[in-house]
Amino acid sequence: MKKVMFTETVLRDAGQSLIATRLPYAGFEGALELLDKAGFYSLECWGGATFDTCLRYLNEDPWKRLRDIKKRVTNTKLQMLLRGQNILGYKHYPDDAVIKFVELSVKNGIDVIRIFDALNDLRNLESSVEATLKYGGIAQVAVSFTTSPVHTLENFAALAKRIEDMGASSLCIKDMAGIMGPGECYDLVKAIKESSKLPLHVHTHSTTGLAPMTYLKAAEAGADVVDTAISCFSGGTSQPPTESLVYAFAQLGYDTGVDYSALKAVNDYFKPMAAGYLKDGTLDPKVLSTDTDALNYQVPGGMLSNMISQLKAAGAMEKFPEVLAEVPRVREDMGYPPLVTPTSQIVGAQAAVNVLTGERYKNVSKEVTAYLRGEYGLPPGKVNRELQRKVLGGEEPHTGRFADTLAPALEAAREKIGPLARNDEDLLSYIVFPEVFEAFAERRAQDEKNRVTYSIVKA
């Protein structure tokens with residue numbers, strides 16, 4: 001019997017794409033055992049923007065969140081998204097920090113680490129892949145899918161073979177903007193399956209309306225796992241609905257391993273929560289609609305929801321269409337990087353600045369400067385040399401592995417943060433998000449002090 005398995009994204013990418021990752025642990029704790037019984041290959045629950053959001057907005061320790069999930073999910077693999085040398089931040093970190101972060105992720109409960117680099121520069125994945133394998137995790141390397149003059153079927157297939165050669169456990173085609181059509185997907189899965197023997201996962205979004213057709217052709221071409229979201233948190237910039245795809249694949253003769261009857265209980269749990277987010281404005285109806293313009297501007301779900309939030313805060317939502325139109329122009333100037341964190345934020349923010357200031361590159365962000373300097377890796381195509389000269393002057397861009405130029409971070413950070421970091425997990429939180437973690441640690445200490453005071457008064 002033909003087989004295709006499912007990764008459920010409601011605890012990570014679905015929430016990141018629709019509600020800017022504002023889903024607290026207390027909100028989904030009661031669904032964990034339901035999710036664990038459904039028969040998914042894996043449950044994506046950590047990494048991506050969840051780490052930053054836990055510390056910055058939800059006042060949660062992300063490491064404790066992971067341990068608490070692990071206690072309740074005992075049958076299903078827990079999966080996270082890691083940005084290679086970027087870890088979960090927005091710049092490159094030294095190898096000692098990357099390796100320690102991977103070690104602690106596995107130790108605290110992660111089974112599958114999906115690792116990607118925004119530029120598909122495999123040099124930026126070496127340390128995290130090696131560490132994942134060393135500490136007993138499943139190292140799944142994701143190819144960031146995009147379309148451009150330099151992203152060809154042959155190049156993607158060759159990249160997959162190189163990923164297999166570097167020791168990855170499995171592969172993933174990561175279509176973060178939902179722009180991969182069914183024909184493209186079928187051809188790409190076939191090409192990768194011919195060049196690599198690794199299990200192949202396919203990830204896409206419903207942004208353009210192509211996703212269900214794309215998944216069906218992915219399975220037909222030999223894909224092993226697809227990513228979906230429970231229906232009340234599906235569609236739009238999220239993934240296609242789990243229930244619908246399980247139903248469709250079963251009709252087509254596929255064994256999914258998913259208990260369809262268990263999915264209703266999961267969806268019933270999350271339905272009131274989704275309705276609440278819709279009512280209070282956290283879930284904007286705009287991100288639930290089908291947007292075929294994304295086939296041009298290629299903005300991924302998480303970037304789109306954050307861009308809407310940012311423009312609303314600036315009182316400039318009327319500029320939204322102009323910013324979207326500027327995104328592909330900035331992307332071309334920067335050598336056609338795939339639009340995925342952190343390059344999506346870099347390109348999107350610069351596009352917004354270009355529009356809001358009324359002059360292209362009047363102000364250039366420090367991230368764009370770092371990108372043009374080579375600090376994120378090797379761009380897929382040629383960058384706009386005039387822009388590069390304007391930003392860098394006579395400085396030549398760095399072409400080596402940028403992480404090799406970085407000093408070790410662990411001991412220096414330990415000395416600097418002192419007792420605020422109670423363990424190595426805290427230390428890694430500080431290294432990745434210094435100011436955010438310090439504010440969190442101070443709130444944590446104050447909360448504990450308040451609890452002690454309350455207990456004394458109550459007694």
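Modeller: A definition comes first: Ala, Val, Leu, Ile, Met, Phe, Trp, Tyr, Cys and Pro count as nonpolar, Asp, Glu, Lys and Arg as charged, and the others, Gly among them, as polar. The model is a predicted one.

Biologist: How do the residues of the lining of the largest pocket divide by class?

Modeller: The largest pocket has a volume of about 1200 Å³. Its lining is made by 45 residues, and Asp52, Arg56, Tyr90, Gln310 and Gln345 are those nearest the centre. By class, the lining of the largest pocket divides into 22 nonpolar, 14 polar and 9 charged residues.

Biologist: Which element gives the most residues to the lining of the largest pocket?

Modeller: The elements that give two or more residues to this lining are α1 (13-19), α4 (50-58), α14 (301-313), α16 (343-357), α17 (366-373) and α21 (434-458). The greatest contribution is 8 residues, and the element that gives them is α16.

Biologist: Which residues lie closest to the centre of the second largest pocket?

Modeller: The second largest pocket holds about 320 Å³ of space. Its lining comprises 9 nonpolar, 4 polar and 3 charged residues. Of the 16 residues that line the second largest pocket, the closest to the centre are Leu119, Asn120, Leu159, Arg162 and Pro380.

Biologist: How many charged residues are in the lining of the second largest cavity?

Modeller: The whole structure was searched, and 2 cavities of 30 Å³ or more were found. The second largest cavity contains about 30 Å³ of space, and Leu11, Arg12, Gly15, Thr21, Leu23, Thr50 and Arg65 line it. The lining of this cavity divides into 2 nonpolar and 3 polar residues, and the number of charged residues is 2.

Biologist: How many nonpolar residues are in the contact of α8 with α9?

Modeller: The crossing of α8 with α9 is right-handed. From α8 the contact draws on Leu153, Phe156, Ala157, Ala160, Lys161 and Glu164, and from α9 on Asp187, Leu188, Ala191, Ile192 and Ser195. Among the residues of this contact, 1 is polar and 3 are charged, and the number of nonpolar residues is 7.

Notes:
Residues numbered from 1 in each chain as written. Predicted model: local features only at pLDDT ≥ 70, side-chain atom pairs only at ≥ 80, totals over all residues. Heavy atoms only, no water. Left-handed = near helix turned anticlockwise from the far one by under 90°. Helix = DSSP H or I, 4+ residues; strand = E, 2+ residues; numbered from the N terminus. Contact = heavy atoms within 4.5 Å. 1 Å grid on protein atoms, 1.4 Å probe; cavity = no way out; pocket = protein on both sides within 12 Å on 5 of 7 lines; lining within 4 Å. Points joined across faces, edges and corners; volume = space filled by probe spheres on them.
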